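This report describes selected local features of one protein model.

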Amino acid sequence: MFSPVVSFAEERLEVSITADQSSCQEIAALARKYGADSQLPDEVVVDGKPCPRGEVAHCFLSVIVKLLEKCEKEGVAAIPPEEMERIAALHEALKDDLVQLAGYVTLRETIEKMLAKPDDPSFLFKVGVDGFLRGEGAGNFRLPDFSYNPGHGEGRFLYRVKPYAYWHPTGWLDIHAEGQGYGFSGGSQYAGKVSLYQGFAEAHWPEAEGYSLKAGRQEFVYGSAFVLGNDSFYDGLSFDALRVRLAPLKPLTIDLFGGWYATPFSDGVKGELVGGYGTWTFSEGNALEAYALRDTGSGEHHAGEHRDTWGVRGMATFGPVALEVEPVFQTGRLFNPATDGNENISAYGGHADISFDTTLWGYHNHLFASYALGSGDSDAATGGSFRREFSNPNTDSPLTGDMNVIGSLSGIDVGDHHASGLRIHTLGWGIDITREVNFSATGRYFRASYVEPGFSKNLGVEADFTLTYAFSDNLSFVAGYDRFFTGGFFRDATGSERDIDYGYVMLQFDLSHAKPKLRMARK
């Protein structure tokens with residue numbers, strides 16, 4: 001499976017900076033132990049001569065390839081925990097050199113997952129606070145309801161602060177409590193809410209790996225968050241719910257869950273969500289997922305209303321290329337005010353994505369493209385039935401853009417006019433300028449499937465630019481500027497051709513203190 005990587009790894013780095021002797025000896029020992037294809041020369045290991053960091057990174061990559069093969073065959077437990085911790089430390093120290101190797105870039109995500117700390121927490125308890133502070137401003141746009149408003153400009157300060165506490169009294173029980181303060185202030189705007197965001201207990205079955213029961217207020221985030229996400233850029237989304245996780249076969253995981261939308265962070269939506277989500281993992285980066293959901297949530301519920309969502313998500317990787325396809329179908333019953341009765345839902349949506357990672361001139365680059373669609377109907381565009389409109393209101397996917405001009409694939413309201421069903425074309429690029437700094441640029445073209453007679457179907461183009469500086473894994477600064485170039489539909493609906501501007505600066509943080517579990521002394 002990993003044989004192609006060896007040929008990629010033949011690329012060497014010509015750098016003058018040398019690695020320290022202790023790291024060279026550690027990597028040389030690992031290379032011998034795991035039979036790596038690349039070995040450090042004796043004059044470096046035995047005689048202590050200096051070695052270029054690029055040469056050391058090349059050897060270390062060949063060690064990692066062997067580790068991946070071993071973990072694939074025998075599981076991560078085949079590598080002693082202490083050794084895995086040291087390998088992770090070496091990986092962190094050599095990351096700047098590794099990213100210049102094409103062989104590393106193709107396996108970067110897989111390597112980082114292998115070296116990630118296990119889900120089983122190493123601490124007895126952990127307390128902290130995470131969230132963000134953001135200043136944002138918009139032109140020709142209203143932020144409270146995300147609506148087009150030519151000539152209007154506004155700014156505000158927005159905060160989301162979540163104090164939390166984890167307690168793991170035993171190896172089979174996890175207890176988590178998390179509050180949330182969320183609000184914004186600026187101009188004539190003010191809102192603020194404080195409440196319990198998450199509070200649950202999760203019990204793991206000691207006799208069978210992968211089986212667990214989770215009860216209490218919790219988030220549901222699955223797949224790419226195309227259908228079910230947690231609205232992480234704003235106030236989040238959680239449920240008072242029960243979730244059962246089953247692992248009847250090694251590659252198969254099944255989640256069964258059900259609960260109620262939790263207020264006050266559901267934006268006025270009330271109702272129930274029940275469903276199941278299954279994942280069959282063929283190998284790292286290659287999986288097939290299937291899910292079924294029944295959602296009765298709405299701001300104004302009528303008896304008998306519900307939306308059933310059925311979806312499949314497939315993922316595949318081919319070296320540096322990753323593919324994802326997710327078709328979704330919806331049925332159920334929806335209230336129609338015009339007929340004062342419920343009617344059958346018949347809708348569909350989905351997306352197809354491709355991404356490519358490569359190293360150019362010593363910098364890691366990520367390129368991606370996607371196509372997303374949601375069904376619509378001419379009746380919906382003229383104020384009639386909405387039963388054929390695809391709905392994914394709980395999405396936390398970037399497919400609909402960063403500005404929230406477009407909220408979901410069902411359509412958009414501009415003034416008193418509605419465009420039904422969307423098609424979205426996306427192209428994007430990101431680059432790691434340094435280990436701490438990343439820049440990304442993304443363009444999206446939006447087109448409606450159905451509009452009123454005489455109206456343009458061209459909604460416009462959104463351009464998003466984001467600069468991120470990571471001070472550490474727990475603290476980062478983000479600055480973004482986005483512009484929505486309005487299309488003909490906005491002109492037809494309002495008589496204005498003004499574009500929408502949005503900019504923000506944001507501080508993200510996760511500050512914590514933990515007490516480690518006591519390790520039993522070995523006899």
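How many residues has helix H5, and how far does H5 reach from its first C-alpha to its last? Helix H5 (residues 81–93) has 13 residues and reaches 19 Å between those atoms, close to the 18 Å expected at 1.5 Å a residue. The model is predicted: local features need pLDDT of at least 70 and side-chain atom pairs count only at pLDDT 80 or more, while totals for chains, interfaces and linings use all residues. Residues are numbered from 1 along each chain as its sequence is written, and side-chain values use heavy atoms, with hydrogens and water left out. Helices (H or I, at least four residues) and strands (E, at least two) are DSSP runs numbered from the N terminus; the expected span of a helix is 1.5 Å times one less than its number of residues.

Glu83, Met84, Ile87, Leu90 and His91 of H5 are buried. They cover an arc of only 120° around the axis, which puts them on the same side of H5; the arc is that of the directions from the helix axis to the C-beta atoms. Buried means under 20% relative accessible area, exposed over 50%, and partly exposed in between (1.4 Å probe, protein chains only). An α-helix has 3.6 residues a turn, so residues three or four places apart point the same way. The exposed residues Pro81 and Glu85 lie on the face of H5 turned away from its buried side. In helix H4 (residues 53–74), the end C-alpha atoms are 31 Å apart, which agrees with the 32 Å that its 22 residues should span at 1.5 Å a residue.

## Backbone in the loops

The loop between strand S7 (252–261) and strand S8 (272–283) contains Pro264, which is joined to Thr263 by a cis peptide bond with omega of about 10°. Asp267 is also in the loop between S7 and S8. Its phi is near 55°, a positive value in a residue other than glycine, and Asp267 is exposed at 57% relative accessible area.

Asp340 lies in the loop between strand S11 (321–336) and strand S12 (341–344). Phi of Asp340 is likewise positive, near 55°, and this residue is exposed at 61% relative accessibility.

## Nonpolar surface patch

Leu133, Phe157, Tyr469, Phe471, Phe477, Val505 and Leu507 form a nonpolar patch on the surface, with about 590 Å² of accessible area together. Strand S18 (458–472) and strand S20 (500–516) are the elements that give two or more residues to the patch. Patches are made of residues with over 30% relative accessible area and no salt bridge; like charges are joined within 9 Å, nonpolar side chains (Val, Leu, Ile, Met, Phe, Trp, Tyr) within 5 Å. Areas come from the Shrake-Rupley method with a 1.4 Å probe, and for residues only the protein chains shown count as cover.

## Salt bridges

A salt bridge is a side-chain nitrogen of Lys or Arg within 4 Å of a carboxyl oxygen of Asp or Glu; the count by this rule is 23. Arg313 and Glu289 form one of them, at 2.9 Å from N to O. This pair links distant parts of the chain, with Arg313 in strand S10 (residues 306–318) and Glu289 in strand S9 (residues 286–295), 24 residues apart. Arg313 is buried at 7% relative accessibility, and Glu289 is buried at 8%.
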